[in-house]
Amino acid sequence: MQPKLYVAPSWHTTHWRPEDITDEQLKIWKEETILVIEKNRAIHAENMKKFAQLFGLVRDLFGTKSIQEKYLLKNDGGYAANWHSYSLNFKESVEDKVNRCRAEAEKIKKTKESEKEQLELLAEAVLWLKARGRALGLDFSAENAIQTANDIAFFEEVERRREYIRKNGPIGFSGQNCDGPCSGWDGESKRCECGNRRVSWTYDDLSFKDPSIYGEAY
Ligand SMILES: [Zn+2]
């Protein structure tokens, strides 16, 4: 009479790589694992029942605390072996591994994308500077092309806005809370029209592709 053997799910007995596991596969394995656990629980109950019978028999034959009883407790022949010794923690053994692998792949993909975007921006900056008569290697380098383009775009935009103000009059500015009446800022002076606030040009995330600037009190 042999104890009934426990069963193992296929993810436990086959070789697999986390990067190859699809959601569909995860679902199949998860369902399989639930069935396997149910099966092993039943096998364990059956084995324990048989072991109890065997134990009873030994006691009947040899009395309690016999050497045979001791031997049986120590070497139960696998009857009472706990089926949890099969590592059936599906989450830890499979799901977590797959998720870690996916997160890592996503991170690498994002890094590559941002490197590509940065390279494209650099190419645009070089063309943008060349269109303004700036020579690569002379007026700017690949390392500072984007920053140089941004700086030039800032000064160009300041000029453009000043031109507008000269034609249309002073503009409002951020932090304009002068005490008396004030028509705003001319885009050139250090102070607003009433003289109450110091003002200068500033920006948020300025780019040569979108050089938005505004006046701000400081
Ligand atoms: Zn003012």
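This is a predicted model: local features need pLDDT of at least 70, side-chain atom pairs count only at pLDDT 80 or more; totals for chains, interfaces and linings use all residues.
A residue is called buried here if 20 or more other C-beta atoms lie within 10 Å of its own, and exposed if 12 or fewer do. Val94 has 21 other C-beta atoms within 10 Å, so Val94 is buried.

Val94 is found in helix H4. Leaving out residues up to four places away in sequence, Val94 touches Trp11 and Trp29. His12 also deserves a remark: Val94 and His12 are 82 residues apart in sequence, yet their C-alpha atoms are 9.4 Å apart in space.

Trp29 leads us to helix H2. Which residues of H2 are buried? They are Trp29, Thr33, Val36, Asn40 and Asn47. The cover over these buried residues includes helix H1, residues 10-13, and helix H4, residues 90-130. As a general point, an α-helix has 3.6 residues a turn, so residues three or four places apart point the same way.

Helix H2 itself comprises 40 residues, 23-62. At 1.5 Å a residue it should span 58 Å, and its end C-alpha atoms are 57 Å apart, so the two values agree. Just after H2, Gly63 takes a positive phi of about 80°.

Let me stay with the backbone for a moment. Most residues other than glycine have a negative phi. Lys65, however, has a positive phi, near 60°. Lys65 sits in the loop between H2 and helix H3, the latter being residues 67-74. Is Lys65 buried or exposed? Lys65 has 8 other C-beta atoms within 10 Å, and is therefore exposed.

Asp205 is another residue that is not a glycine and has a positive phi, in this case about 45°. Its place is the loop between strand E1, residues 199-202, and strand E2, residues 214-217. Because Asp205 has 7 C-beta neighbours inside 10 Å, Asp205 also counts as exposed.

I turn now to the nonpolar cores. The largest has 8 residues: Ala125, Leu129, Phe140, Ala145, Ile146, Ala149, Ala153 and Phe208. Two or more residues of this core come from each of H4 and helix H5, residues 145-168. The greatest share is that of H5, with 4 residues.

Finally, the chain as a whole. It has 5 helices and 2 strands, in the order α-α-α-α-α-β-β from the N terminus. Why do we describe the chain as more spread out than a compact globule? Its radius of gyration is 39 Å, whereas the globule rule gives 17 Å for 218 residues, so the value is well over that of the rule. Along its principal axes, the C-alpha trace spans about 115 × 50 × 30 Å. Buried residues account for 13% of the 218 residues. Of the contacts between residues at least 6 apart in sequence, 49% join residues at least 24 apart.

The domain assignment divides the chain into domain 1, residues 10-88, and domain 2, residues 110-218. The C-alpha centres of domain 1 and domain 2 are 73 Å apart.

Conventions: Residues are numbered from 1 along each chain as its sequence is written. The expected span of a helix is 1.5 Å times one less than its number of residues. Two residues are in contact if their C-beta atoms, placed from the backbone, lie within 7 Å. A nonpolar core is a set of buried Ala, Val, Leu, Ile, Met, Phe, Trp, Tyr and Cys residues joined through C-beta atoms within 7 Å. Domain bounds come from an automatic or database domain assignment. The radius of gyration is taken over C-alpha atoms; the globule rule is 2.2 Å times the number of residues to the power 0.38.
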